[in-house]
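This note collects points on domain contacts, a chain interface and a helix packing. Please read them beside the model.

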Amino acid sequence: MANEVTAPADTFPRLLVRNARQFADRPAIRHKDLGIWQTLTWAQVFEDVRAYAVGLNRLGVKRGDTIAIVGANRPKLYMSVMAAQVLGAVPVPVYADAVADELAHVLVHAEVRFAAVEDQEQVDKILSVAERLPKLEQMFYDEKKGLRDYDHGKLHPIDELIAQGRAVLAQDASVSKWLDGEIAAGKGLDTSIILYTSGTTGPSKGVVLTAKGCIDAATDTVAFDHLDSHDEALAYLPLAWVGDHYLNYAQGLAAGFCMACPENAETAMQDLKEIGPTFYFAPPRVFEQMLTRVMIRMGDAGFPKRQLFHYFIGVARRYGETILNHQPTPLVGRLLYAVGKVLIYGPLMNVLGLSRVRVAYTAGEAIGPDLFAFYRSLGMNLKQLYGQTEAFLYVTAQPDGQIYADTVGPAAPNVDIRIAESGEVQFKSPGMFVGYFKDEAKTKEAMTADGYVKTGDAGFFDDKTGHLKIIDRAKDVGRLNDGTLFPPKYIENKLKFYPNIREAVAYGDKRDFVTVLINIDLTAVGSWAERKNVVYGSYQELAGHALVYDMIARHVEEMNRALSEDKVTAGAQIKRFLILHKELDADDGELTRTQKVRRGFVAERYAPLVKALYDGSREADISTEVTFEDGRKGIMSARVEIRDVKTVPVATALEKVA
Amino acid sequence: MLGPILETLIGGLLTGVLYALVALGFVLIFKASGVFNFAQGAMVLFAALSVARLSEKFPLPIAIVLAIGVMIVLAYAIEFLVLRRLVNQEGIVLFMSTLGVAYFLEGFGQTLWGSDIYKIDLGISKNPIFLFESVFPGGILIDPEEVAAAVICAILVTVLAVFFQVTRVGRALRAVADDHQAAQSVGIPLNYIWLVVWATSGIVAIAAGMIWGSKLGVQFSISLVALKALPVLILGGLTSIPGAIVGGLIIGAGEKLAEILLGPLLIRWFDLAGGGIENWFAYVLALLFLLVRPQGLFGERIIERI
Amino acid sequence: MRAPAGSTVAAGEVLLSVENVSLSFGGVKAIQDVSFDIRKSEVRAIIGPNGAGKTSMLNVVNGFYQPQHGRITFKGTTRTNMRPYDAAHGGIARTFQNVALFRGMSALDNIMAGRTLKMHRNFFWQILRIGPALAEEDEHRHRVEEIIDFLEIQAIRKVPVGRLPYGLQKRVELGRALAMEPDLLLLDEPMAGMNLEEKEDMSRFIVDVNEQYGTTIALIEHDMGVVMDLSDRVVVLDHGAKIADATPDDVKRDQNVIDAYLGVAH
């Protein structure tokens, strides 16, 4: 029966057919049930999905319907996506942690008639907004717990649908034939899925993706990273996020590799260790947490163990990356690294669950060069990619062996990138979206007339490597008075990678040159002060200390050198800086609650300081109202020193001035 | 020089095995019931006396079996008369009660079995074995009894390790050690568990007592062996069976080596008499350990949430 | 977590009755002539000010204390006193006011320990790790995993309980009691020291245990909101004597109870 389907594998159901034949007994999905890992093979998944699709069809699901998928990474929810696609229905995954209101917005906008949900929590959430969802007809759930006494008129256990479907398929051969027909009827240019953006900027938009686009893109990157049916990924990223749908679902189906579903969100780290994936993605934040955990454990370890650890981490930092990149490395380095691998790196990666990782990616925000180098030096092939939902993820990706902490790599296979006049990155890619669901206007806004997608990010191609560097959101990038590009976040992030600098606020838009306000990191600078016998009584005193100024000035100069190396950023070198006398604080409105600097507010509040930065004064007085921890308010006054720093003269920059 | 050092080392290690056997008895009871059993030394004496006197009337194997019976009865008596009355009491109270048991046993052993010096004949040749005669002049001298001790110790440790790690009883023992009340509340019969532990510890005492007794004769001073087990425990950790073994070996070998290596140095450098190192070395080592690693080499790291 | 075999008491009938129990330590009277009963499948609260004798009462029921007077009838068998082993064997499980876990063991092993009485194979088979013992171990592990799933503590399965925060320790302790598949579950302040969210979770678990498995529950609790929400009937102790025994609503209005809580002298 499956053999009758001969159309090209340009839809996910047809990929599933292919995998069930080609990789029949190889693992497709793993999940932990009552403490024990259970494995479903491709053949089993296909069988279940067929039965599920028949069960869904009996409830009225048909081609073109939209089905919400709400919950964590459960095998049954992935199968819901597959079963919907088999019938030509369109799955619409929704973030499991979305509040009822957001959920309702997506369900209403996508006009879903059905919803496959994880458990009681999601059922309750949907029921709580039921009156806003007149179109919603039926819900299917995975986890039975707590749902026993619910009205089952519109509510079905997924298991039951699969069982019914299986019974029907066994009795009636024509159903099986009909199902094969459904799979054959799907077209590559049909809508495969609608992914709603998380909606941090305005209401979330439904990104419509075609089957062929998805599969073409995934096939390219599977080849790019040499993934095959022997690989394994931990499917722990939010189901509704493009990253999960691409990296695990689309690539998994394209390559035939296995995705393992964690037991629940809290066990993900342990599951990682037990599964030992070969392909791994995590945002920089996760890598940072892992490193912190390692460091805390090492801090508790005995003296000899700690010494050994730090010694060999040093060895790894010196030689690890060149070995990983197959560059020439001294023999001593290779030998020491080999010893370190046995004693430290191997066991460490094993504890983290990363020892089998062949390819790892990070993306989403800038990763600190030290953090990035740490993992690479331990031998993990960690790379960066840049992408977005509208591209079905990949826009750029770093190829093996060409890894730089401050670039996101060259264009991914078959992706066409250009930098617009405004500095904005624009692309055309195999997986690019066809439009926002039911939003012609927004779709037009997001595309250029000649069919490129606007990313909204500003960037440039690095001269040395030819790789793309993303510097800021396009709308935040300003210009100095001489027309030089001024990317404030790029500068601030680069400064913040120095452990001594906690916060930086850069100014330069419509001004003559770039200046920064700096907050030192009390912990890092405090321990430095202890080592140097610098005596201080308060943050303010430490921040104003001449030696601290010297140290920060060295950091800023070092950064200027780095900025000067790219002609795009060379003109945005920092001329003057000061260290603020107080820490920026959300209680004073200087930071948002998510700890992001409110640049405009800070400029207003510290107007005398900003003015002094540009009028050539050596120091300036400031007094501001502050809120103390107990809620009292008071006035804080200080005299703040302003430092000039050396900039690197750059030919192009000079030309511009002349 | 290497020959004598090697000989001392092996001799020391074999003595260490004996220390380890006594320490093992401590660890067993402490691990399973949280009681620091001061009476372990007295139990070794009592066991040795039982075997010695019984072997006068019966062949040795039968005497051993009977002695095991005696130790089980003793364990039951201790459980029934003392421990059962003290359920859920503080550790210090239980410790004090074992002090009482210790002195009672020392006295009662003599009341029951007599107070002379008795012999245990294990039927093992007392003639030393010489090894590596071709390598070192005169070879290395090894006492066959000490080899027998090492073998017995190895067997006991294996059996106990299996008992503790693998069986349900082992899990129940650990539960009892952690919290008496909680163990009772899930239906673990406290009395039965304690009987098992004390009886096991009594059997270990038989092994230790027989070997010491055959070496030195069964006499009151055997109970002082327990004092050597203290530094072993500090080194190895109170709750670790491997710790008791390794601790015993380190102390046994250490004190013998210190006697022949450290002694001459003390004489040469400080003009001391240089003797008696064997008597204090173990305690100094233990003291150092207390300062550096109080939980012992293998002890569980003490994790307390405050 | 299925209903234990051998229980012969139908829902609504008296499962346990305490008659005229008095307990004193030296001259201190902890419990004075208290009688009450617990019916099958109900949630019975025992409340009262500090030092009212609530925990002592639980300790009598579960056999830790031997009362000087009175009788206890459990599942039709009357005893003048219980032994802890008899109580556990008969189907009484409990948790403790100040968490009494096996600190050195993992959460999993702690809950496994709750299966002690359900294990039948002798340890000769266990040592050999073959045949019936192995199958039995798997069966118990399966039961324990169901409890872990029910209490949502998968993430801490292998963590030594000494390292867990208090709220989770209490959850593990409940898990250990549930592993005994008890007829009667005694909970001594299951929510003491918890934050609001943890309290809500714990309440949910208690309700679910009661509703889904029909387990009879007696609990001591200080949080009146919790008591009013959860319990079917409430017995109120003060200075070791029973001063009220009624539904939560009636107890709330009872003048004796109000006086006792406000510390009015009798």
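1. Two residues are taken to be in contact if their C-beta atoms, placed from the backbone, lie within 7 Å. On that basis, the contact between chain B and chain C takes 22 residues from chain B and 28 residues from chain C. The model is a predicted one, in which local features need pLDDT of at least 70 and side-chain atom pairs count only at pLDDT 80 or more, while totals for chains, interfaces and linings use all residues. Residues are numbered from 1 along each chain as its sequence is written, and chains are lettered from A and ligands numbered from 1 in the order in which they are written.

2. The most is given by α6(B), with seven residues. By class, this side of chain B has 10 nonpolar, five polar and seven charged residues, where Ala, Val, Leu, Ile, Met, Phe, Trp, Tyr, Cys and Pro count as nonpolar, Asp, Glu, Lys and Arg as charged, and the others, Gly among them, as polar.

3. Within chain B, the axes of helix α9 (residues 225–236) and helix α10 (residues 241–270) come within 8 Å and cross at roughly 120 degrees. Axes are lines fitted to C-alpha atoms, for helices over the stretch in contact, and angles run from 0 to 180 degrees between N-to-C directions. The two helices α9(B) and α10(B) are therefore oblique to each other (under 35 degrees is roughly parallel, over 145 roughly antiparallel, 65 to 115 roughly perpendicular and the rest oblique). The residues of the contact of α9(B) with α10(B) divide into eight nonpolar, four polar and no charged.

4. Chain A is divided into domain 1 (2–275), domain 2 (279–430 + 456–473) and domain 3 (477–657), with bounds from an automatic or database domain assignment. The centres of domain 1 and domain 2 of chain A, taken over C-alpha atoms, are 31 Å apart. Their contact takes 23 residues from domain 1 of chain A and 16 residues from domain 2 of chain A.

5. For chain C, the assignment gives domain 1 (1–91 + 182–266) and domain 2 (104–180). Here 12 residues of domain 1 of chain C are in contact with 12 residues of domain 2 of chain C.

Methods
Helix = DSSP H or I, 4+ residues; strand = E, 2+ residues; numbered from the N terminus.
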